[in-house]
Amino acid sequence: MKSELVAALYATPGTILTGAVMVATVMGGATVLSGGDPAFALMTVAMLAIGALRQLAHRRFLKVDLARASDATITRLERSAMLGAWTTAALVSAFGSHAVLHYTYQPVAVLAIAQTIGYLAGISGRNTSRPLVTRVQILIAALPFLAALIRTGDPAYLVIGLTVALTTVLTFSSAQVIHRVFVARLRTVRELESLAVSDTITNLYNRRGFMREIRAKAAIGQPITLISIDIDRFKGINDSFGHDVGDALLHAFGEMLTRELQPGDIAARTGGDEFMVATARAEAESIAFARRLVLLLGGQRVLAGRHLTATASIGIAPAGCAETIEAALKCVDIALYRAKLEGRNRFVVYSETVRDEHESGRAIEAELREGIRRGEFELLYQPIYNPRSGTATMAEALLRWNHPERGPISPEVFIPLAERTGLITILGAWALDEAIRTALTWPRSVGVNVNVSARQFDRGHDLVGLVAALLRFHRFEPQRLTIEITESSLIDDAEHVITRLVALRTLGVRIALDDFGKGYSSLSYLARLPIDTIKIDQAFTHELGSTRKADYLMSAITRLAHDLKLRLIVEGVETQEQLEAIRKHAAHGIQGFVFARPMTAAELLPMIGNRVATGRAKSARSGGGSRKGGPFSEVA
């Protein structure tokens, strides 16, 4: 507040200069009218000198950043302004007093009286920010002049003296009132400015305030590292617990972030669940800071009576990564995007490699939309064999993209893109329709398995209605369709997904838990999920026969499946040795390269009736490999 009050003392440099010139002109005129009175001439020179000195003081003021200036600097500026005002008042008073006493009935006296009274009248509106300055200034200007008027004893001058006295009293008493109005207005302006640049929930800067601050730092050449923080799945928290809990989380995170800041750091809430920090820390310190934020936010907390665990994704744009603030903001957005792409709850530092991969991903994303429109996708099928009869009882549909220029694109690349853009619902609907249409050409004893992405369970997508409509349209037996899900489908909104699975089971569709054995809490999900089948993950399959521990675990899983009346399918069986190891366990189905690779529908049809040697079958593949491109390729 003090710095702003001092700034008000320097708010009218043009008025001060103009006033000094006009007063000096009047004094010069008095010098001429008086026949060259040396006192008037000296006063003229003094007034011009005071005006020049006040202009120099104003220039020094302009070079000072009041927001960051020390108290000593602000005090020096204040004293300089006071001294200029008071010396000017003393000189005006001396001019008026000298003219009245020595040229009582001459035109010079009239000129001096008009000048002095005009100056007194102007004081009240000039230094309203500081009543002390105004009161001292008017006393210096009025009292000597009033004494000179009284000393003349002339009735006319006494009346003028009465006017001067009344002006002095009124100005003296009104100075404090005017000051209060000024301060109230100043506080109102400051509050409005604060609201314009502050976030009401976290009390941090908002985006506007943040941009103002970092532009100021950039203008003085200070290196800035930008750190962008995004609370993962914040919308789900709002939808599940309510906006009061969401706001409490934002407030708690804002407080935690504030505690971790160092002097000079700037923090802001720049969006609904987005925060930003600008810091002068070195890259290594920024990374340590980001790592600590990930750990701090990831802990469980109680908010509004709710136990809540949230995580954060963080992008870091090191100082010097871009030439402008706008470019640096794009860099940090790319790093944050990459952190979310890699699974959230982590940080990524921007680099040229990250940028190039981001641009490549954007290009493929655009081509993905065109690929769907042009029909570049197809389904391959991998049969699942009954180990007792050696016949195929079902086949899993696997989505593939044959790009006309890039060639086959791995599901590990295009499935995450489809999920992020929401295109997975279009691809998923097409895959379900195509898989059911193809299965109609198979014997009725053979079913089809279709993988479903977590995004297909979103509340805005009616997966159950889609499946029901396709079953009716194709007149396909519901029990021949198996929907495969992974545990990742349950992470965001488990209760909603389970409700949808129950509805699918009501239709007669079967549910399989895919990749069993590699997820987060497979055993706990077995008690909650309405599933018919569990599929052993291929990574676990590859351990069979190599360690006793893997065999013991497989025996336990087999007993568990039979006790829960669940079908057990082992996937990723690639070698004769793995097949021999699986024969010791009572699996209901075997899937893998040892029998067949994924193939087109035309290639699969003649193979369905063939039996395979599940006991001593030769491997269809000599080396290791995988029937799928990875966890993302299990989505249809």
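Reader: Which residues in α8 meet which ones in α12?
Author: In this predicted model, the α8 side of the contact consists of Arg207, Met211, Ile214, Arg215 and Ala218, and these meet Ile325, Glu326 and Leu329 in α12. By residue class, the contact of α8 with α12 divides into five nonpolar, no polar and three charged residues.

Reader: And at what angle do α8 and α12 pack?
Author: Helix α8, residues 207-219, and helix α12, residues 325-341, pack at an angle of about 120°, and their axes are 11 Å apart. That angle makes α8 oblique to α12.

Reader: Is the crossing of α8 and α12 left-handed or right-handed?
Author: The crossing of these two helices, α8 and α12, is right-handed.

Reader: What is Ile534 in contact with, leaving aside its neighbours within four places in sequence?
Author: With those neighbours set aside, Ile534 is in contact with Leu513, Phe516, Leu526, Ile557, Ala561, Leu566, Arg567, Leu568 and Ile569.

Reader: What about the protein overall, how many helices and strands?
Author: The secondary structure comes to 22 helices and 16 strands, and buried residues make up 49% of the 636 residues in the protein. Among contacts between residues at least 6 apart in sequence, 71% join residues at least 24 apart.

Notes. Residues are numbered from 1 along each chain as its sequence is written. This is a predicted model: local features need pLDDT of at least 70, side-chain atom pairs count only at pLDDT 80 or more; totals for chains, interfaces and linings use all residues. Side-chain values use heavy atoms; hydrogens and water are left out. Axes are lines fitted to C-alpha atoms, for helices over the stretch in contact, and angles run from 0 to 180 degrees between N-to-C directions. Helices (H or I, at least four residues) and strands (E, at least two) are DSSP runs, numbered from the N terminus. Angles under 35 degrees count as roughly parallel, over 145 as roughly antiparallel, 65 to 115 as roughly perpendicular and the rest as oblique. A crossing is left-handed if the near helix is turned anticlockwise from the far one by less than a right angle, and right-handed if clockwise. Contact means heavy atoms within 4.5 Å. Ala, Val, Leu, Ile, Met, Phe, Trp, Tyr, Cys and Pro count as nonpolar, Asp, Glu, Lys and Arg as charged, and the others, Gly among them, as polar. Buried means under 20% relative accessible area, exposed over 50%, partly exposed in between (1.4 Å probe, protein chains only).
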